[in-house]
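Colleague: Before I rely on any of the words used for this model, I would like to hear what stands behind each of them. Could you take me through them one at a time?

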Amino acid sequence: MVDRTMKGIIPILATPFDEKGQIDFEDLEREVEWMINVGVNGVGIAVASEIYKLTDPERDEVLTSVVKQVDGRVPVVMNTGAMGTDVAIYYSQRAEELGANALMIRPPSFIPMPGNEVIEFFSRVGASVTIPIFLQDQSTAQVPPGMAIEIARRHENLCYIKVETAPTVPRMAETAALRDAATDLAGDLILFGGAGGTFMFEELRRGSVGTMPGSVIPEVFVNVWEQWQDGDEEAAEAEFRRYGALIRTLKQPQGLDNWIYKEILMRRGIFKCAHARHPAVKPDRFQIYELEQMLDELELEEPEV
Amino acid sequence: MVDRSMRGIFPVLAMPFDPDGNIVIEDLQREVDWIAGHGLSGVAIALGSEVYKLSDRERDLVLKTAVEAANGRLKVVMNTGHEGTRVSVDYAKSAEDLGANALMIKPPSFAQLPNADVTAYYVAIAEAIDIPIFMQDVTGASVPPPLAVQLAKAHENLCYIKVEVAPSVPRFADLVARTGATGLIPFGGSGGQFLLEEARRGSQGSMPWSVIPDVYARVWDDFQSGNEIDAEIQYRRYAALNRTIAQGMGCAMWINDHILVRRGVFQATSQPRQPAPKPDDQSFKELDAILEELDLIGK
């Protein structure tokens, strides 16, 4: 029986690069250590880690480094999606070998596929490993609620889904309702939110059990998650709303998000450099100034690592 | 000479409908009056007004109502885009006749067109009228900065642009660096999410939603008079609300109606026209919590 206990805050790590674009493993270790210190429930290596800009050897190196640093203290989720089923299987088996505790995979999207091909893709990948898989439902590569149920029926490893197709709030509710109605599934599709954690609480209220935000304010996410767990919904939400403008800033697409994550991690003393691999739209100097204003107002505490 | 003086905040009007889908003219008048009372520069009747769900007769009625209610206090911008050039020209002339101060038009997008055809579309409309046009640059029907500059050179009426392709912040910087002597006047949109970041990069105004005109008036004035940091700190308080509205066009219509009801502008039964997916009951409770925190209820 694969691990069905994951929940809570599982940040997606930013990948630290030096100015030449080489991975800085020392910074990566520091980032992981900080996550664990603040009490996250897992870490992920995924789209926000610029995983699609890594070579195959680099994918292995990053995962190996993270697994070693985590040292069994929390689960490690690795994105192993690919445009071809065989490549996705290769990545998935390799990730399991290197110590990943779960995988995250979005449907092939380079050429949009009909539903039965997507279901078969997940069935084959699911059967090729012995760890659980997060189906990833994104606007440009969707796993609609009905399809998610079909996929979950195909293999016991296909038991998590990260719902990110906007608007996520009704999407989460619909996925949960279909899951609950599918009595043969026995609740075996566990829902997570993503999309930067923007609607974390609205999603929790509709059936998600956790979220995968970026890695820049993990202590805030852990803190409000714990307040929520203690039943203090109102305080958790009021506290979280303070970070609304920052979270909005983190959601600018086309690589701006990657630069901004790392500008913050640099200012917080976790990374030495804010470099994002090309192609990625770079923020202008005003954007850095605006970011600093926001961080000043939020008075974030200095990370202990 | 075409009116090149428009600047500042032009909220996109929410459209009040009763449960049978009839326009509630009295609520629309109250909305325009409320916005004018906060001293804003204009209003727009556009996609956020569900203009694409109105019949031709209703389009005219709504525009006439807004122009009368504005009574010269606000400029009125009317969306007159259509997939066909001929119909778009007719809509444009009719809006000008009814008193619109400017038009807003996105490129035809049902079939993707080469730049030459987009240019011919805009020029044909511009030649038919004597009021300025806001070209609308949206994802799926974009007017990229180099094309925008060409269009501005092609006709003097093509002198405004509303930039909404995400990420909008670098898009503004790119556009402003290219406009030069064309005098193209950029505005922001996208629900006002990056209102002040855009202003810092040369945006001359914005077309956000109509639900917090009081906040926009305050924040925009502060920013323009040099109190940038105060303006931004003020505006950041509304980020969770803006996020909630920005969930998608269907949700946004319901959410905006609810806010306008809570603020006493629309009657209690107000709702969007179908199709518009309705948020669940819980969503309205979550929204009320945000409105209470921001002290926006009943005023």
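Modeller: In chain B, Ala102(B) of strand 4 is the bridge partner of Val77(B). This is a predicted model, in which local features need pLDDT of at least 70 and side-chain atom pairs count only at pLDDT 80 or more, whereas totals for chains, interfaces and linings use all residues. Residues are numbered from 1 along each chain as its sequence is written, with chains lettered from A and ligands numbered from 1 in the order in which they are written.

Colleague: What makes strand 3 and strand 4 of chain B a pair, and in which sense do they run?

Modeller: Two strands pair if DSSP finds at least two bridges between them, and strand 3 (residues 75-79) and strand 4 of chain B have 3 bridges, in the parallel sense. The strands themselves are DSSP runs of E with at least two residues, while helices are runs of H or I with at least four, both numbered from the N terminus. By that bookkeeping chain B has 12 helices and 8 strands. On strand 4 of chain B there is also a parallel pairing with strand 5 (residues 133-137), again over 3 bridges, where Ile105(B) stands opposite Met135(B).

Colleague: How is the hand of the β-α-β crossover from strand 4 through helix 4 to strand 5 of chain B decided?

Modeller: With the strands pointing away from the viewer, a crossover is called right-handed if the path from the first strand over the helix to the second runs clockwise. The path from strand 4 of chain B through helix 4 (residues 115-127) to strand 5 of chain B is right-handed in this sense, and strand 3, helix 3 (residues 85-97) and strand 4 of chain B also form a right-handed β-α-β unit.

Colleague: How do you know whether strand 4 of chain B is covered on one face or on both?

Modeller: A residue is buried if 20 or more other C-beta atoms, placed from the backbone, lie within 10 Å of its own, exposed if 12 or fewer do, and partly exposed in between. In strand 4 (residues 102-105) of chain B, Ala102(B) and Met104(B) on one side and Leu103(B) and Ile105(B) on the other are all buried, which covers both faces. Strand 4 of chain A is likewise covered on both faces, with Ala102(A) and Met104(A) buried on one side and Leu103(A) and Ile105(A) on the other.

Colleague: Is Gly269(A) buried or exposed, and why?

Modeller: Gly269(A) has 12 C-beta neighbours inside 10 Å, and therefore counts as exposed. Gly269(A) sits in the loop between helix 11 (256-267) and helix 12 of chain A. Its C-alpha atom is 9.7 Å from that of Glu31(A), although 238 residues separate the two along the chain.

Colleague: Why is chain A called as compact as a globular protein of its length?

Modeller: The globule rule is 2.2 Å times the number of residues to the power 0.38, and the radius of gyration is taken over C-alpha atoms. For the 305 residues of chain A the rule gives 19 Å and the model has 18 Å, which is close, so the description holds. Of these residues, 50% count as buried, and the C-alpha trace spans about 50 × 45 × 35 Å along its principal axes.

Colleague: What makes the largest nonpolar core a core, and which residues have the most contacts inside it?

Modeller: A nonpolar core is a set of buried Ala, Val, Leu, Ile, Met, Phe, Trp, Tyr and Cys residues joined through C-beta atoms within 7 Å. The largest such set has 179 residues, and Val66(A), Leu103(A), Ala66(B) and Leu103(B) have the most contacts inside it. Helix 11 (residues 249-262) of chain B gives this core its largest share, 7 residues.

Colleague: How many residues of each chain are in contact with the other?

Modeller: Contact means that the C-beta atoms, placed from the backbone, lie within 7 Å, and 25 residues of chain A meet 27 residues of chain B in that way. Helix 12 of chain A contributes the most to the side of chain A that touches chain B, with 5 residues. That side divides into 11 nonpolar, 6 polar and 8 charged residues, where Ala, Val, Leu, Ile, Met, Phe, Trp, Tyr, Cys and Pro count as nonpolar, Asp, Glu, Lys and Arg as charged, and the others, Gly among them, as polar.

Key
Contact = placed C-beta atoms within 7 Å.
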